[in-house]
Amino acid sequence: MTATTPSPLTVLGTGAMGTALARAWLAAGHAVTVWNRTPSRAEPLAADGAVVAPSAADAVSANRLVVVCLLDDPSVGAALDGADLTGRDLVNLTTGTPGDARSRAGWATARGARFLDGGIMAVPPMIGHPDSGAYVFYSGSAELFDEHRPALATVAGTEYVGTDPGLAALHDVALLSAMNGMFAGLLHAFALLRGTDVAPRDLAPRLVSWLGAMAPAAHATAERLESGDYTKNVLSSVGMQAAGVPAFLRTAQEQGVSPELLLPYLDLLRRRAADGHTEEDTAGMVELLVRQNAHPLPALPVR
């Protein structure tokens, strides 16, 4: 194999994301072996040139580079149970927690594999398109990342964040958490206008413009958190924002809208003010969140 020959690889899991990854590698000239627990979901890739393996163990044995994109961490363990990982380079793109990644790294290393965890910052249609903005956080074996970076960069941009295997998942969840908070605010904003003469399509560009203008506040928040000084150059203090909470709640009540998407944030805001931090920037609310770590996770409803 010459230096310019695309390296062969295996993809375990052919859901929407796994299929998009496999097709992008196939389109770039890589020889790809695929496996899925439900064989019929892997068969369409055969038409694109992939080899469909009869078992995960066979797929793993086919190539040194093995990319895993399954439902969750237990699925990874179940799929690889019985597979010989000796000498394999395992890249886990399955969504999980930092703890999952660290445990899986130790598990893989004990079985003779190098391990790299990844957090995909994209949806399937973005994969394989250089201008889409898709990228993947990677953490774990630096040697594995350096060796296989050309192949990994074929499907999406790459950002290596450290040797701690849990860092990719941590970055992934941090960014997605911010996104979910934004989506919660968007939904509340649209709900407030339900039943009025303001069309959602008319509010949308105003929301995009406003949120775009607010996003750079992340830089100032980062500076305050690093310095520990929440009182310097405060533009909108905790006290000022807490004073506006009743207006948020009364407006929601008047519009017949549940405030449940906003209440957790507003509650923390009022607590921070009540604790005597009225002159500070809201960045200091992080201190309240960190102290919550000892609290148990809320129970999710069973459906």
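**The enclosed cavity**

Guide: The largest cavity is lined by Asp73, Asn92, Thr94, Thr95, Gly96, Thr97, Asp100, Ala101 and Asp117. Please note that this is a predicted model, in which local features need pLDDT of at least 70 and side-chain atom pairs count only at pLDDT 80 or more, while totals for chains, interfaces and linings use all residues. Residues are numbered from 1 along each chain as its sequence is written, and side-chain values use heavy atoms, with hydrogens and water left out.

Visitor: What is a cavity, and what is a pocket?

Guide: Both are found on a 1 Å grid over the protein atoms alone. A cavity is a set of points where a 1.4 Å probe fits but cannot get out, whereas a pocket is an open set with protein on both sides within 12 Å along at least five of seven lines. Lining residues have an atom within 4 Å of a point. Grid points are joined across faces, edges and corners, and a volume is the space filled by probe spheres set on the points.

Visitor: What volume does the largest cavity have, and which classes of residue line it?

Guide: Its volume is about 50 Å³, and the structure holds 1 cavity of 30 Å³ or more. For the classes, Ala, Val, Leu, Ile, Met, Phe, Trp, Tyr, Cys and Pro count as nonpolar, Asp, Glu, Lys and Arg as charged, and the others, Gly among them, as polar. The lining of the largest cavity has 1 nonpolar, 5 polar and 3 charged residues.

Visitor: How much space lies in the largest pocket, and which residues are closest to its centre?

Guide: The largest pocket holds about 2,100 Å³ of space. It is lined by 41 residues, of which Leu211, Met214, Gln241, Tyr265 and Thr282 are the closest to its centre. By class, this lining has 29 nonpolar, 10 polar and 2 charged residues.

Visitor: Which element supplies the largest share of that lining?

Guide: Helices (H or I, at least four residues) and strands (E, at least two) are DSSP runs, numbered from the N terminus. The largest share, 9 residues, comes from α6. Among the other elements that each supply at least two residues are α7 (200–214) and α11 (263–274).

Visitor: How is the second largest pocket lined?

Guide: The second largest pocket contains about 670 Å³ of space. Its lining comprises 31 residues, and the closest to the centre are Gly15, Cys69, Leu70, Leu71 and Thr94. Two or more residues come from each of α1 (16–27), α3 (73–80), β6 (114–121) and α6, with β6 giving the most, 5 residues. The classes here are 15 nonpolar, 12 polar and 4 charged.

**Two helices in contact**

Visitor: At what angle do α6 and α7 pack, and is their crossing left-handed or right-handed?

Guide: Axes are lines fitted to C-alpha atoms, for helices over the stretch in contact, and angles run from 0 to 180 degrees between N-to-C directions. A crossing is left-handed if the near helix is turned anticlockwise from the far one by less than a right angle, and right-handed if clockwise. The angle between α6 and α7 is about 145°, and their axes lie 11 Å apart. Their crossing is right-handed.

Visitor: Which residues meet there?

Guide: Contact means heavy atoms within 4.5 Å. From α6 come Met182, Leu186, Ala189 and Phe190, which meet Pro200, Leu203, Ala204, Leu207 and Leu211 of α7. These residues divide into 9 nonpolar, no polar and no charged. Leu211 was also named among the residues closest to the centre of the largest pocket.

**Individual residues**

Visitor: Why does arginine 104 count as buried?

Guide: Buried means under 20% relative accessible area, exposed over 50%, and partly exposed in between (1.4 Å probe, protein chains only). Arginine 104 counts as buried because its relative accessibility is 9%. This residue is in helix α4 (residues 98–110). Not counting residues up to four places away in sequence, arginine 104 touches Asp73, Val76, Gly77, Asn92 and Phe115.

Visitor: Is valine 234 buried, partly exposed or exposed?

Guide: With a relative accessible area of 25%, valine 234 is partly exposed. It is found in the loop between α8 and α9 (238–243). Leaving aside neighbours within four places in sequence, valine 234 is in contact with Arg224, Glu279, Glu280 and Asp281.
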